[in-house]
Amino acid sequence: MSPSGATYSDSGVETGAADAALARLVAHVSRPRHRREDGSCVGESLVESGLYASVLALDDHRGLALTTDGVGTKVLVAELVGRYDTIGIDCVAMNVNDLVCVGAEPVAMLDYLAVQKTDSDVFDQIGQGLAAGAEMANISIPGGEVSQMKEIIRGIEEGRGVDLVGAASGLVDLDRLVVGEGIEDGDAVVGLVSNGLHSNGFSLARSVLFGTLGLDADDHVPEFGHTVAEELLRPTSIYVRPAMAMLRAGLRVRAFSHLTSGGFLNLLRIRSKTGFVLHTLPDPQPVFDLIRRAGPVADEEMHRVFNMGIGFGAVVPETEADAVRRIASEHGFESLVLGHACPSHAGRVLLEPRGLVGEGDHFRPV
(Lines give C-alpha, C1' and ligand atoms only; values in the text may rest on other atoms or scores of the structure.)
Protein backbone atom coordinates (compact mmCIF):
# COMPACT_ATOMS: atom_id res chain seq x y z
CA MET A 1 0.00 0.00 0.00
CA SER A 2 1.27 3.48 -0.84
CA PRO A 3 1.78 6.05 1.94
CA SER A 4 -1.33 7.92 0.75
CA GLY A 5 -3.55 4.85 1.01
CA ALA A 6 -4.78 2.01 -1.17
CA THR A 7 -4.57 2.54 -4.92
CA TYR A 8 -5.73 0.88 -8.12
CA SER A 9 -2.11 -0.08 -8.72
CA ASP A 10 -1.99 -1.90 -5.37
CA SER A 11 -4.89 -4.08 -6.53
CA GLY A 12 -3.00 -5.11 -9.66
CA VAL A 13 -4.25 -2.62 -12.25
CA GLU A 14 -1.41 -0.57 -13.74
CA THR A 15 -3.29 2.03 -15.79
CA GLY A 16 -0.17 3.93 -16.82
CA ALA A 17 1.56 0.82 -18.12
CA ALA A 18 -1.66 -0.27 -19.82
CA ASP A 19 -1.98 3.07 -21.63
CA ALA A 20 1.61 2.87 -22.85
CA ALA A 21 1.14 -0.70 -24.06
CA LEU A 22 -2.13 0.18 -25.77
CA ALA A 23 -0.48 3.08 -27.61
CA ARG A 24 2.03 0.62 -29.08
CA LEU A 25 -0.79 -1.64 -30.29
CA VAL A 26 -2.94 1.16 -31.68
CA ALA A 27 0.00 2.55 -33.64
CA HIS A 28 -0.12 -0.59 -35.79
CA VAL A 29 -3.84 -1.16 -36.26
CA SER A 30 -5.16 2.40 -36.53
CA ARG A 31 -3.86 2.92 -40.07
CA PRO A 32 -6.30 1.84 -42.82
CA ARG A 33 -4.63 -0.84 -44.93
CA HIS A 34 -7.28 -1.67 -47.52
CA ARG A 35 -8.21 0.55 -50.42
CA ARG A 36 -10.92 0.44 -53.04
CA GLU A 37 -10.13 0.64 -56.74
CA ASP A 38 -10.80 4.38 -56.63
CA GLY A 39 -8.05 4.74 -54.01
CA SER A 40 -10.35 5.50 -51.07
CA CYS A 41 -9.68 3.83 -47.74
CA VAL A 42 -11.84 1.02 -46.46
CA GLY A 43 -12.62 1.00 -42.76
CA GLU A 44 -11.18 4.39 -41.89
CA SER A 45 -12.81 5.80 -38.76
CA LEU A 46 -14.28 9.27 -39.05
CA VAL A 47 -13.54 9.98 -35.40
CA GLU A 48 -10.25 9.87 -33.56
CA SER A 49 -9.35 7.27 -30.97
CA GLY A 50 -10.69 8.06 -27.52
CA LEU A 51 -14.14 9.29 -28.50
CA TYR A 52 -15.97 6.25 -27.11
CA ALA A 53 -16.73 4.55 -30.46
CA SER A 54 -15.36 4.28 -33.98
CA VAL A 55 -17.53 5.52 -36.84
CA LEU A 56 -17.20 4.24 -40.41
CA ALA A 57 -18.96 5.90 -43.34
CA LEU A 58 -21.50 3.61 -45.02
CA ASP A 59 -22.23 6.27 -47.63
CA ASP A 60 -22.25 10.05 -47.76
CA HIS A 61 -24.98 10.27 -45.14
CA ARG A 62 -24.92 7.32 -42.75
CA GLY A 63 -22.25 5.98 -40.45
CA LEU A 64 -21.70 2.66 -38.68
CA ALA A 65 -20.59 3.08 -35.07
CA LEU A 66 -18.62 0.25 -33.44
CA THR A 67 -17.41 -0.43 -29.93
CA THR A 68 -16.31 -3.32 -27.75
CA ASP A 69 -16.00 -3.82 -24.00
CA GLY A 70 -16.37 -6.43 -21.30
CA VAL A 71 -17.49 -6.89 -17.73
CA GLY A 72 -14.03 -7.12 -16.19
CA THR A 73 -13.33 -8.58 -12.76
CA LYS A 74 -16.94 -8.07 -11.72
CA VAL A 75 -17.40 -11.64 -12.99
CA LEU A 76 -15.34 -12.84 -10.01
CA VAL A 77 -18.07 -11.58 -7.67
CA ALA A 78 -20.63 -13.47 -9.71
CA GLU A 79 -18.52 -16.58 -9.33
CA LEU A 80 -18.28 -16.14 -5.56
CA VAL A 81 -22.05 -16.44 -5.12
CA GLY A 82 -22.95 -18.44 -8.23
CA ARG A 83 -25.13 -15.63 -9.53
CA TYR A 84 -24.62 -14.73 -13.20
CA ASP A 85 -27.98 -13.22 -14.16
CA THR A 86 -26.85 -9.57 -14.05
CA ILE A 87 -23.44 -9.56 -15.75
CA GLY A 88 -25.09 -9.89 -19.15
CA ILE A 89 -26.78 -6.54 -18.50
CA ASP A 90 -23.37 -5.12 -17.64
CA CYS A 91 -21.92 -6.39 -20.90
CA VAL A 92 -24.65 -4.72 -22.93
CA ALA A 93 -24.44 -1.51 -20.91
CA MET A 94 -20.69 -1.06 -21.22
CA ASN A 95 -21.02 -1.21 -24.99
CA VAL A 96 -24.22 0.64 -25.82
CA ASN A 97 -23.49 3.49 -23.39
CA ASP A 98 -20.33 4.15 -25.41
CA LEU A 99 -22.17 3.99 -28.75
CA VAL A 100 -24.66 6.70 -27.82
CA CYS A 101 -21.80 9.02 -26.86
CA VAL A 102 -21.14 9.63 -30.58
CA GLY A 103 -24.85 10.10 -31.26
CA ALA A 104 -25.38 6.60 -32.65
CA GLU A 105 -28.51 4.56 -32.07
CA PRO A 106 -27.42 1.07 -30.94
CA VAL A 107 -28.69 -1.70 -33.18
CA ALA A 108 -27.02 -4.99 -32.26
CA MET A 109 -24.35 -6.64 -30.14
CA LEU A 110 -22.41 -9.87 -30.42
CA ASP A 111 -21.16 -11.56 -27.25
CA TYR A 112 -18.03 -13.58 -26.61
CA LEU A 113 -18.15 -15.94 -23.65
CA ALA A 114 -14.89 -17.63 -22.64
CA VAL A 115 -15.14 -20.29 -19.95
CA GLN A 116 -12.96 -22.72 -18.09
CA LYS A 117 -15.74 -25.29 -18.25
CA THR A 118 -19.24 -25.23 -19.74
CA ASP A 119 -22.10 -25.15 -17.26
CA SER A 120 -25.70 -25.09 -18.50
CA ASP A 121 -27.00 -23.18 -15.49
CA VAL A 122 -24.31 -20.50 -15.80
CA PHE A 123 -25.02 -20.13 -19.52
CA ASP A 124 -28.74 -19.87 -18.81
CA GLN A 125 -28.22 -17.10 -16.26
CA ILE A 126 -25.86 -15.15 -18.51
CA GLY A 127 -28.37 -15.47 -21.33
CA GLN A 128 -31.09 -14.04 -19.09
CA GLY A 129 -28.94 -11.00 -18.39
CA LEU A 130 -28.00 -10.48 -22.03
CA ALA A 131 -31.66 -10.63 -23.03
CA ALA A 132 -32.66 -8.18 -20.30
CA GLY A 133 -29.89 -5.77 -21.32
CA ALA A 134 -30.86 -6.02 -24.98
CA GLU A 135 -34.45 -5.14 -24.08
CA MET A 136 -33.33 -2.10 -22.06
CA ALA A 137 -31.09 -0.91 -24.90
CA ASN A 138 -33.58 -1.77 -27.65
CA ILE A 139 -31.05 -3.88 -29.54
CA SER A 140 -30.78 -7.43 -30.83
CA ILE A 141 -28.10 -10.02 -30.07
CA PRO A 142 -28.11 -12.03 -33.30
CA GLY A 143 -25.06 -14.15 -32.54
CA GLY A 144 -21.91 -14.66 -30.56
CA GLU A 145 -19.16 -17.11 -29.73
CA VAL A 146 -18.30 -19.48 -26.89
CA SER A 147 -14.76 -20.63 -26.19
CA GLN A 148 -13.68 -23.33 -23.74
CA MET A 149 -10.14 -22.58 -22.56
CA LYS A 150 -9.47 -24.46 -19.35
CA GLU A 151 -5.73 -23.74 -19.53
CA ILE A 152 -6.26 -19.96 -19.82
CA ILE A 153 -9.49 -18.98 -18.06
CA ARG A 154 -9.25 -19.22 -14.28
CA GLY A 155 -11.75 -18.24 -11.62
CA ILE A 156 -12.24 -18.24 -7.87
CA GLU A 157 -12.83 -21.96 -7.87
CA GLU A 158 -11.62 -24.66 -10.23
CA GLY A 159 -13.86 -25.00 -13.28
CA ARG A 160 -15.85 -21.80 -12.70
CA GLY A 161 -13.77 -19.25 -14.60
CA VAL A 162 -15.75 -16.97 -16.93
CA ASP A 163 -15.03 -13.92 -19.09
CA LEU A 164 -17.76 -12.02 -20.94
CA VAL A 165 -17.14 -9.46 -23.69
CA GLY A 166 -19.36 -7.74 -26.24
CA ALA A 167 -18.97 -5.88 -29.52
CA ALA A 168 -21.82 -3.55 -30.45
CA SER A 169 -22.86 -1.58 -33.51
CA GLY A 170 -25.13 1.34 -34.15
CA LEU A 171 -26.18 3.78 -36.87
CA VAL A 172 -25.68 7.52 -36.95
CA ASP A 173 -26.38 10.31 -39.43
CA LEU A 174 -22.99 11.73 -40.31
CA ASP A 175 -24.26 15.30 -40.04
CA ARG A 176 -25.41 14.56 -36.48
CA LEU A 177 -22.27 13.07 -34.99
CA VAL A 178 -21.81 13.99 -31.34
CA VAL A 179 -18.08 14.42 -30.77
CA GLY A 180 -17.81 17.39 -28.43
CA GLU A 181 -17.50 20.09 -31.06
CA GLY A 182 -18.85 23.60 -30.63
CA ILE A 183 -18.88 23.60 -26.84
CA GLU A 184 -19.21 27.19 -25.63
CA ASP A 185 -18.28 28.93 -22.41
CA GLY A 186 -21.10 28.40 -19.92
CA ASP A 187 -22.66 25.35 -21.58
CA ALA A 188 -24.27 23.21 -18.88
CA VAL A 189 -23.01 19.80 -17.78
CA VAL A 190 -25.95 17.65 -16.72
CA GLY A 191 -25.20 14.39 -14.95
CA LEU A 192 -27.42 11.31 -14.80
CA VAL A 193 -26.90 9.32 -11.62
CA SER A 194 -25.30 5.91 -11.54
CA ASN A 195 -26.61 3.12 -9.34
CA GLY A 196 -23.26 2.25 -7.80
CA LEU A 197 -19.96 0.88 -9.06
CA HIS A 198 -21.34 -0.12 -12.48
CA SER A 199 -18.53 -2.26 -14.02
CA ASN A 200 -15.34 -0.37 -13.20
CA GLY A 201 -12.84 -0.32 -10.37
CA PHE A 202 -13.71 -3.80 -9.16
CA SER A 203 -10.12 -4.85 -8.57
CA LEU A 204 -9.75 -2.04 -6.04
CA ALA A 205 -13.25 -2.55 -4.63
CA ARG A 206 -12.68 -6.26 -4.08
CA SER A 207 -9.25 -5.63 -2.58
CA VAL A 208 -10.73 -3.29 0.02
CA LEU A 209 -14.05 -5.01 0.78
CA PHE A 210 -12.86 -8.62 0.73
CA GLY A 211 -9.22 -8.06 1.62
CA THR A 212 -8.86 -5.08 3.96
CA LEU A 213 -12.28 -5.41 5.60
CA GLY A 214 -12.39 -9.20 5.40
CA LEU A 215 -16.03 -9.24 4.32
CA ASP A 216 -17.64 -12.26 2.71
CA ALA A 217 -19.85 -11.86 -0.35
CA ASP A 218 -22.91 -12.93 1.64
CA ASP A 219 -22.26 -10.57 4.58
CA HIS A 220 -25.01 -8.04 5.24
CA VAL A 221 -23.74 -4.45 5.34
CA PRO A 222 -25.97 -1.99 7.23
CA GLU A 223 -24.91 0.95 5.02
CA PHE A 224 -26.05 -0.98 1.95
CA GLY A 225 -29.21 -2.48 3.40
CA HIS A 226 -28.27 -5.80 1.78
CA THR A 227 -25.31 -8.10 1.19
CA VAL A 228 -21.95 -7.21 -0.32
CA ALA A 229 -22.69 -9.35 -3.37
CA GLU A 230 -26.07 -7.71 -3.94
CA GLU A 231 -24.39 -4.31 -3.95
CA LEU A 232 -21.51 -5.31 -6.20
CA LEU A 233 -23.70 -7.20 -8.67
CA ARG A 234 -26.09 -4.31 -9.14
CA PRO A 235 -26.10 -4.07 -12.97
CA THR A 236 -24.71 -1.08 -14.83
CA SER A 237 -27.34 1.47 -15.79
CA ILE A 238 -28.21 1.64 -19.49
CA TYR A 239 -28.63 5.23 -20.70
CA VAL A 240 -29.65 4.57 -24.30
CA ARG A 241 -33.31 5.54 -24.08
CA PRO A 242 -32.86 8.95 -22.41
CA ALA A 243 -29.89 9.80 -24.65
CA MET A 244 -31.82 8.94 -27.80
CA ALA A 245 -34.82 10.89 -26.53
CA MET A 246 -32.63 13.98 -26.07
CA LEU A 247 -31.41 13.75 -29.65
CA ARG A 248 -34.87 13.10 -31.08
CA ALA A 249 -36.21 16.09 -29.16
CA GLY A 250 -33.79 18.25 -31.12
CA LEU A 251 -31.73 19.32 -28.14
CA ARG A 252 -28.35 20.81 -29.06
CA VAL A 253 -26.26 18.11 -27.44
CA ARG A 254 -22.63 19.19 -27.71
CA ALA A 255 -21.27 16.07 -26.02
CA PHE A 256 -22.25 12.90 -24.21
CA SER A 257 -19.97 11.22 -21.69
CA HIS A 258 -20.06 7.68 -20.31
CA LEU A 259 -18.40 7.92 -16.89
CA THR A 260 -16.48 4.69 -16.43
CA SER A 261 -12.91 4.31 -15.17
CA GLY A 262 -11.53 7.82 -14.97
CA GLY A 263 -14.80 9.18 -13.63
CA PHE A 264 -15.30 12.85 -14.41
CA LEU A 265 -12.13 12.86 -16.53
CA ASN A 266 -14.28 11.22 -19.21
CA LEU A 267 -15.84 14.63 -19.80
CA LEU A 268 -12.59 15.48 -21.60
CA ARG A 269 -13.07 12.80 -24.28
CA ILE A 270 -14.16 15.49 -26.73
CA ARG A 271 -12.82 17.50 -29.66
CA SER A 272 -13.33 20.95 -28.16
CA LYS A 273 -10.34 22.53 -26.45
CA THR A 274 -12.19 23.34 -23.27
CA GLY A 275 -12.46 22.28 -19.67
CA PHE A 276 -15.18 22.03 -17.05
CA VAL A 277 -15.93 23.50 -13.66
CA LEU A 278 -18.23 21.31 -11.59
CA HIS A 279 -19.78 23.13 -8.66
CA THR A 280 -22.40 20.55 -7.66
CA LEU A 281 -21.65 16.86 -7.10
CA PRO A 282 -23.91 14.07 -5.84
CA ASP A 283 -23.58 12.31 -2.53
CA PRO A 284 -22.11 9.03 -3.81
CA GLN A 285 -23.79 5.77 -2.85
CA PRO A 286 -22.61 4.24 0.46
CA VAL A 287 -20.37 1.70 -1.28
CA PHE A 288 -18.03 4.47 -2.41
CA ASP A 289 -17.71 5.94 1.06
CA LEU A 290 -17.06 2.54 2.63
CA ILE A 291 -14.27 1.83 0.13
CA ARG A 292 -12.78 5.28 0.70
CA ARG A 293 -12.76 4.95 4.50
CA ALA A 294 -11.72 1.32 4.74
CA GLY A 295 -8.93 1.41 2.15
CA PRO A 296 -8.15 4.04 3.04
CA VAL A 297 -8.30 5.43 -0.49
CA ALA A 298 -7.41 9.06 -1.18
CA ASP A 299 -10.20 11.21 -2.59
CA GLU A 300 -8.25 11.90 -5.77
CA GLU A 301 -7.79 8.15 -6.32
CA MET A 302 -11.50 7.51 -5.73
CA HIS A 303 -12.39 10.03 -8.42
CA ARG A 304 -9.81 8.57 -10.80
CA VAL A 305 -11.06 5.01 -10.48
CA PHE A 306 -14.83 5.22 -9.89
CA ASN A 307 -17.84 7.06 -11.32
CA MET A 308 -18.61 8.51 -7.85
CA GLY A 309 -22.36 8.63 -8.38
CA ILE A 310 -22.69 9.93 -11.93
CA GLY A 311 -22.82 7.43 -14.79
CA PHE A 312 -23.57 9.59 -17.81
CA GLY A 313 -23.25 13.23 -18.75
CA ALA A 314 -24.64 15.59 -21.37
CA VAL A 315 -23.22 18.98 -22.34
CA VAL A 316 -25.89 21.31 -23.72
CA PRO A 317 -26.59 25.04 -23.89
CA GLU A 318 -27.57 26.30 -20.45
CA THR A 319 -31.12 27.02 -21.66
CA GLU A 320 -31.62 23.32 -22.46
CA ALA A 321 -30.42 21.88 -19.15
CA ASP A 322 -33.96 21.67 -17.76
CA ALA A 323 -35.11 19.77 -20.85
CA VAL A 324 -32.31 17.25 -20.38
CA ARG A 325 -33.33 16.76 -16.76
CA ARG A 326 -36.98 16.36 -17.70
CA ILE A 327 -36.18 13.66 -20.27
CA ALA A 328 -33.91 11.89 -17.79
CA SER A 329 -36.73 11.88 -15.23
CA GLU A 330 -39.21 10.54 -17.77
CA HIS A 331 -36.90 7.56 -18.24
CA GLY A 332 -36.43 6.93 -14.53
CA PHE A 333 -33.11 8.67 -13.96
CA GLU A 334 -32.29 11.26 -11.35
CA SER A 335 -30.10 14.06 -12.64
CA LEU A 336 -28.51 17.32 -11.63
CA VAL A 337 -26.69 20.22 -13.23
CA LEU A 338 -23.08 19.55 -12.29
CA GLY A 339 -21.48 22.69 -13.65
CA HIS A 340 -20.43 24.32 -16.89
CA ALA A 341 -17.88 24.36 -19.67
CA CYS A 342 -14.98 26.74 -19.15
CA PRO A 343 -12.42 27.30 -21.96
CA SER A 344 -9.97 28.90 -19.52
CA HIS A 345 -9.68 25.45 -17.87
CA ALA A 346 -8.89 23.69 -21.16
CA GLY A 347 -7.96 20.06 -20.62
CA ARG A 348 -8.94 20.12 -16.95
CA VAL A 349 -11.94 19.25 -14.80
CA LEU A 350 -12.27 21.24 -11.59
CA LEU A 351 -14.30 19.53 -8.85
CA GLU A 352 -14.96 22.54 -6.63
CA PRO A 353 -16.76 20.71 -3.77
CA ARG A 354 -13.87 18.23 -3.48
CA GLY A 355 -11.03 20.71 -3.98
CA LEU A 356 -9.64 18.58 -6.81
CA VAL A 357 -8.55 19.29 -10.35
CA GLY A 358 -8.23 16.54 -12.95
CA GLU A 359 -6.11 16.48 -16.08
CA GLY A 360 -4.53 13.71 -18.08
CA ASP A 361 -5.32 10.51 -16.21
CA HIS A 362 -5.34 11.73 -12.62
CA PHE A 363 -6.77 14.15 -10.06
CA ARG A 364 -4.78 16.21 -7.60
CA PRO A 365 -5.65 18.68 -4.85
CA VAL A 366 -6.13 22.24 -6.10
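Q: Where is Pro 296 found?
A: Pro 296 is found in the loop between H8 and H9. Helices are DSSP runs of H or I with at least four residues, strands are runs of E with at least two, and numbering starts at the N terminus. This is a predicted model, in which local features need pLDDT of at least 70, side-chain atom pairs count only at pLDDT 80 or more, and totals for chains, interfaces and linings use all residues. Residues are numbered from 1 along each chain as its sequence is written, and side-chain values use heavy atoms, with hydrogens and water left out.

Q: What is the omega of the peptide bond from Gly 295 to Pro 296?
A: Omega is near -20°, and the bond is cis. Most peptide bonds are trans.

Q: What is the phi of Tyr 52?
A: Tyr 52 has a positive phi of about 75°, although it is not a glycine. Most residues other than glycine have a negative phi. Tyr 52 lies in the loop between strand E2 (41-42) and strand E3 (54-57).

Q: Why is Tyr 52 called buried?
A: Its relative accessible area is 7%. Buried means under 20%, exposed means over 50%, and partly exposed lies in between (1.4 Å probe, protein chains only). Tyr 52 is therefore buried.

Q: Why is Asn 138 called exposed?
A: Asn 138 has a relative accessible area of 52%, so it counts as exposed. Asn 138 also has a positive phi, about 60°, without being a glycine. It sits in the loop between helix H4 (120-137) and strand E6 (140-148).

Q: How do you know that the charged end of Arg 269 sits over the ring of Tyr 52?
A: The charged end of Arg 269 is 3.9 Å from the ring centre of Tyr 52. The rule asks for NZ of Lys or CZ of Arg within 6 Å of the centre and within 35 degrees of the ring normal. Arg 269 is listed as sitting over the ring.

Q: Which residues line the largest cavity?
A: The lining includes Tyr 52, Arg 269, Ala 255 and Phe 256. A cavity is a set of points, on a 1 Å grid over the protein atoms alone, where a 1.4 Å probe fits but cannot get out; a pocket is an open set with protein on both sides within 12 Å along at least five of seven lines; lining residues have an atom within 4 Å of a point.

Q: How many cavities of 30 Å³ or more are there?
A: The count comes to one. About 50 Å³ of space lies in the largest cavity. Grid points are joined across faces, edges and corners, and a volume is the space filled by probe spheres set on the points.

Q: What makes Ala 255 buried?
A: Ala 255 has a relative accessible area of 3%, so it is buried. Ala 255 is found in strand E11 (residues 255-258).

Q: How many aromatic pairs does the structure hold?
A: It holds four. Why is the pair of Tyr 239 and Phe 312 called stacked? The ring centres are 5.2 Å apart and the planes lie at 15°, so the pair is stacked. Rings of Phe, Tyr and Trp (its six-membered ring) pair with centres within 6.5 Å; planes under 30 degrees apart count as stacked, over 60 as edge-to-face, and the rest as tilted.

Q: What makes Tyr 239 buried?
A: Tyr 239 has a relative accessible area of 0%, so it is buried. Phe 312 is also at 0% and counts as buried.

Q: What makes the pair of Phe 288 and Phe 306 edge-to-face?
A: The centres of Phe 288 and Phe 306 are 5.9 Å apart, with 65° between the planes. Phe 288 is in helix H8 (residues 286-294), and Phe 306 is in the loop between helix H9 (299-305) and E13, 18 residues apart. Phe 288 counts as buried at 1% relative accessibility. Phe 306 is buried, with a relative accessible area of 1%.

Q: How do you know that strand E16 joins strand E17?
A: Four bridges join E16 (residues 356-359) to E17 (residues 362-365). Two strands pair if DSSP finds at least two bridges between them. The two strands run antiparallel.
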